[in-house]
Amino acid sequence: MFDTVIIGAGVIGLSIARALAEQTHKSVLVIEKEESYGRGISSRNSEVIHSGIYYDPDSLKAKYCTKGRDLLYDFCKKENVWHNPCGKLVVGRSHQEAELNALYQNGLANGVPDINIIERQDIQKMEPHIEADFALHVECTGIISAHELMTAFYRISQSSDHDYLFKSRVVGANAASNGYILDIENADGEIEQVECSWVINASGLESDLIAQMMGSDFPSLRYSKGCYYKLASQWRNAFNHLIYPLPDKAHGSLGIHLSFDETQTVKLGPSAHWVDGRIEDYHVESSLLDQFYNEGKRYIKGLEKDHLSPDYAGIRPKIWTADNPMPDFYISHETEKGFPGWVNLIGIESPGLTASIAIGNDVANQII
Ligand SMILES: Cc1cc2nc3c(=O)[nH]c(=O)nc-3n(C[C@H](O)[C@H](O)[C@H](O)COP(=O)(O)OP(=O)(O)OC[C@H]3O[C@@H](n4cnc5c(N)ncnc54)[C@H](O)[C@@H]3O)c2cc1C
């Protein structure tokens, strides 16, 4: 019998394990269907530390992003996780001034520090390869190595003697007298059972299916695929800031933006395409080349089509509502639905990486 079982060893499950390790000696088992941690959404994203400018001020996304951002910078410094607080520019043309200003006001409402609107002359000085009339300069945005972050979470969790079951998939769940019994399919296809007082469902793309093992009254996910294209090596070191267009609200994404990683490789993405069914297909279609070129050349001077090549893809776990392409996170201790000790984390799309420490701390506080 374990005190807590965490389903999923992505950045969210690992961060919850980290927080429990820091605050308690209770027994923890992390169950992961892949052969190691961090093989899901957490390894297929933009690795941006978001500021919090985009989200509705009353949302969980705003709360956890702004809190999580500062906690993440502190954690990276303390635990030597690679990061670069490079800042970003959200760029626009003159006809988009009102939209950019609305984003600025939303950032202020969310308490994001050091944001200001700059004009063409300053943009040219900061980013000579960028073409824009106005930009929102956000100083506290940065980039991070998601893998180093997860390795640090895993190390802290392991130092508290937490148990990890890899190549093991949760396939069933039932309430028991003092908690829950989970059915787990191991690597040999055999079913084993584990009993625990608390279940933390942090299973990313399967989080709705795991929740629905206990009943139908939980959100459902729809997958939205995001592809990346990388820029040829001549663009390495060409940019000092991340460059974003204004958000693509219709598709529930931040728009095809420019970012770079610790090797200074520059990439554009992610795009946004609804996936039919629940297929985890990470192929990057070469037919998207024109779309990436057209989006990129809107703000990158001198971009040519043959500078772009397909890179990688990720899948957003979007809570499905017909009228809202920008749904909030669903994070709930399900006592009111009749499941005390069961916590669901569903629809943890962007800014989940940024929010991971803040979410981990809050979930752990409910258990202690
Ligand atoms: C294209 C894209 C770009 C993004 N960019 C950013 C960004 O720049 N900044 C940012 O802050 N956020 C970003 N995000 C969001 C961020 O990546 C996610 O919020 C975060 O990684 C979610 O972590 P997770 O632990 O919930 O999911 P995952 O990393 O997917 O972890 C869930 C784990 O559960 C396991 N699992 C699933 N089902 C089962 C089962 N039945 N039994 C056992 N194990 C199971 C999976 O194998 C997986 O390892 C982006 C997301 C996408 C898709």
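By class, the shell around the ligand has 16 nonpolar, 15 polar and 9 charged residues; Ala, Val, Leu, Ile, Met, Phe, Trp, Tyr, Cys and Pro count as nonpolar, Asp, Glu, Lys and Arg as charged, and the others, Gly among them, as polar. The model is predicted: local features need pLDDT of at least 70 and side-chain atom pairs count only at pLDDT 80 or more, while totals for chains, interfaces and linings use all residues. Residues are numbered from 1 along each chain as its sequence is written.

The ligand is surrounded by 40 residues, the closest being G8, G10, G40, G204 and G352; a residue is near a molecule if its C-beta atom, placed from the backbone, lies within 6 Å of it. Two or more residues of this shell come from each of helix 1 (11-23), strand 10 (169-176), strand 18 (308-319) and helix 8 (352-367). Helices (H or I, at least four residues) and strands (E, at least two) are DSSP runs, numbered from the N terminus.

The protein is assigned domain 1 (2-46 + 148-220 + 326-367) and domain 2 (88-139 + 223-319), with bounds from an automatic or database domain assignment. Both domains give residues to the shell around the ligand, so the ligand lies between them. Taken over C-alpha atoms, the centres of domain 1 and domain 2 are 31 Å apart. Between the domains, 15 residues of domain 1 are in contact with 14 residues of domain 2, contact meaning C-beta atoms, placed from the backbone, within 7 Å.

The largest nonpolar core has 109 residues, and I16 and V199 have the most contacts inside it. Such a core is a set of buried Ala, Val, Leu, Ile, Met, Phe, Trp, Tyr and Cys residues joined through C-beta atoms within 7 Å. This core draws at least three residues from each of domain 1 and domain 2. Not counting residues up to four places away in sequence, V199 touches V5, I7, A173, Y180, L182, G341 and W342.

Helix 7 (residues 289-297) has F292, E295 and G296 buried. A residue is buried if 20 or more other C-beta atoms lie within 10 Å of its own, exposed if 12 or fewer, and partly exposed in between, with C-beta atoms placed from the backbone. The three cover an arc of only 95° around the axis, which puts them on the same side of helix 7; the arc is that of the directions from the helix axis to the C-beta atoms. On the other side, D290 and N294 are exposed. The buried residues of helix 7 pack against strand 13 (221-231), strand 16 (266-269) and strand 18.

How values were computed
Contact = placed C-beta atoms within 7 Å.
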